[in-house]
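Trainee: Could we walk through this model together? I would like to talk about its ligand, its cavities and pockets, and its backbone.

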Amino acid sequence: MTDFFKDVEKVEFQPESTGLAYRHYNPDEMVRGKRMEDHLRFAVAYWHSFAWPGGDPFGGETFERPWFGDTLDLAKLKADVAFEMFDILGVPYFCWHDADIRPEGNTFAESQKNFEAMIDYLAEKMSSSKTQLLWGTANLFSHRRFMSGAATNPDPDIFRWSAAVVKNCMDATHKLQGENYVLWGGREGYETLLNTDLRRERQHAGRFLQMVVEYKHKIGFNGTILVEPKPQEPSKHQYDYDVATVYGFLKEFGLENEVKVNIEQGHAILAGHSFEHELGLAASLGVLGSIDMNRNDYQSGWDTDQFPNNVPEVALAYYEVLKDGGFSTGGTNFDAKLRRQSLDPVDLIAGHVGAMDVCARGFKAAAAMLEDGTLESMREARYAGWDTAAGKALLQSDLASIAEKVVAEGIDPQPRSGQQEVLENIVNRFV
Ligand code: XUL
Ligand code: CO
């Protein structure tokens, strides 16, 4: 035991509590025939909670955690504290980048050795913990070698380096029985067209992803490969802008049945979409995999990665997830960091407890909206014309015959209300 969380008790479901307790998240509560824990599949992000020092563009480290530093002993201390927090929260999952869990070595081989040592250490910790791995991923964006991209770097040696890192991260994810492997295209984009061969870079990114899928099959990894879209930041133009862009990319490289998306609320907002738009679109394309449930500040216009705190927003998001049949290998990852003034160990717990409660409230509201059925029956009624024999035949027809019948039948279609306010009032009964 470390003494980092020394005064913090295990968080329990205590609906009447005014202290640090779950008042809405009851893991065992049955919702639509399944335990809430098994629906929501919460995960803690190792990087923001344990590796991020609290910097912003104007100031550096604020957190001064006792495990900061580049040695294996400190990396193990970090893992000890992380698993103590997982236990306090009772979360079923966590997620990592290679760089979050191991000290950086002086050579590739040294970093690999550190990484493998830490994967063994995590395996040992996981064997006596409830908390398992939702996904692993590679950090191909922090080190200066990646400043011009990883798979899309003009230098083939960086492509090689990145491919080797991803191979090791996939091996480790497989070893820890992770349920997914994520690729966020950190610096897969560009700053200026004046120095960028757009066609070549996209081809390289596509081939890289094909290699990932080939390797998944080669090692028999049964988890899902997920791409996480983001429109800008760090690169000015990112190749994985949003769900629609990623889907087009997957189609282009023949990967649409192999890869799904991990959708982050904050990234959806940066792309000028709502979270539910991105989720609904991914579901309609059959590629909704997992979510990063962290919000942006609508005022600041950058990726602030805050814990969720808006129940109606979360409800509309889970409504799309539930309509899609819920998560299979995916889950709800909090890719969220504390504000840099939130120095106390207990702030880390409070951030996650609040987020899990907000999600539970939103999720229950979503389930109740679906159960009630009014929204879905009103949506179906809106399209009912397409379910008639004539409606179905229409899409098999052609412009000329359609035009002929429009005249012959003298049709006179009348506009009908979209009923947005009525629908929003229905939602407000549940949130
Ligand atoms: C960055 C981001 C990443 C990915 C994993 O905005 O969301 O943390 O989730 O690399
Ligand atoms: Co993310």
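Mentor: Gladly! Let us start with the residue classes: Ala, Val, Leu, Ile, Met, Phe, Trp, Tyr, Cys and Pro count as nonpolar, Asp, Glu, Lys and Arg as charged, and the others, Gly among them, as polar. Keep in mind that this is a predicted model.

Trainee: Thanks! How many residues of the shell around ligand 1 are charged?

Mentor: Look at who surrounds ligand 1: Trp 47, His 97, Trp 135, Trp 184, Glu 228, Lys 230, Glu 264, His 267, Asp 292, Asp 303 and Asp 335. The shell divides into three nonpolar and two polar residues, and the number of charged ones is six.

Trainee: On to the cavities, then. Which element gives the most residues to the lining of the largest cavity?

Mentor: The structure holds three cavities of 30 Å³ or more, and the largest has about 340 Å³ of space. Its lining counts 22 residues, and the closest to the centre are Leu 183, Trp 184, Gly 185, Glu 188 and Asp 240. At least two lining residues each come from β6 (180–184), α7 (198–219) and α8 (243–252). With four residues, the element that gives the most is β6.

Trainee: Why does the second largest pocket lie between domain 1 and domain 2?

Mentor: That pocket has about 600 Å³ of space, and of its 19 lining residues the closest to its centre are Leu 375, Arg 379, Gly 418, Gln 420 and Leu 423. The pocket lies between the domains because its lining takes residues from both domain 1 (30–372) and domain 2 (377–430).

Trainee: Which helix gives the most to the lining of the second largest pocket?

Mentor: Three helices each supply at least two residues there: α11 (311–323), α13 (374–382) and α16 (420–430). By class, that lining has eight nonpolar, four polar and seven charged residues. The helix giving the most, with five residues, is α13.

Trainee: Last, the backbone. Where is Pro 234 found?

Mentor: The peptide bond from Glu 233 to Pro 234 is cis, with omega near 15°. Pro 234 is found in the loop between β8 (224–228) and β9 (237–238).

Trainee: And what is phi of Arg 41 near?

Mentor: Arg 41 lies in the loop between α1 (36–40) and β3 (42–45). Phi of Arg 41 is positive in a residue other than glycine, with a value near 50°.

Terms used. Residues are numbered from 1 along each chain as its sequence is written. Chains are lettered from A and ligands numbered from 1 in the order in which they are written. This is a predicted model: local features need pLDDT of at least 70, side-chain atom pairs count only at pLDDT 80 or more; totals for chains, interfaces and linings use all residues. Side-chain values use heavy atoms; hydrogens and water are left out. On a 1 Å grid over the protein atoms alone, a cavity is a set of points where a 1.4 Å probe fits but cannot get out, and a pocket is an open set with protein on both sides within 12 Å along at least five of seven lines; lining residues have an atom within 4 Å of a point. Grid points are joined across faces, edges and corners, and a volume is the space filled by probe spheres set on the points. Domain bounds come from an automatic or database domain assignment. A residue is near a molecule or strand if one of its heavy atoms lies within 4 Å of it.
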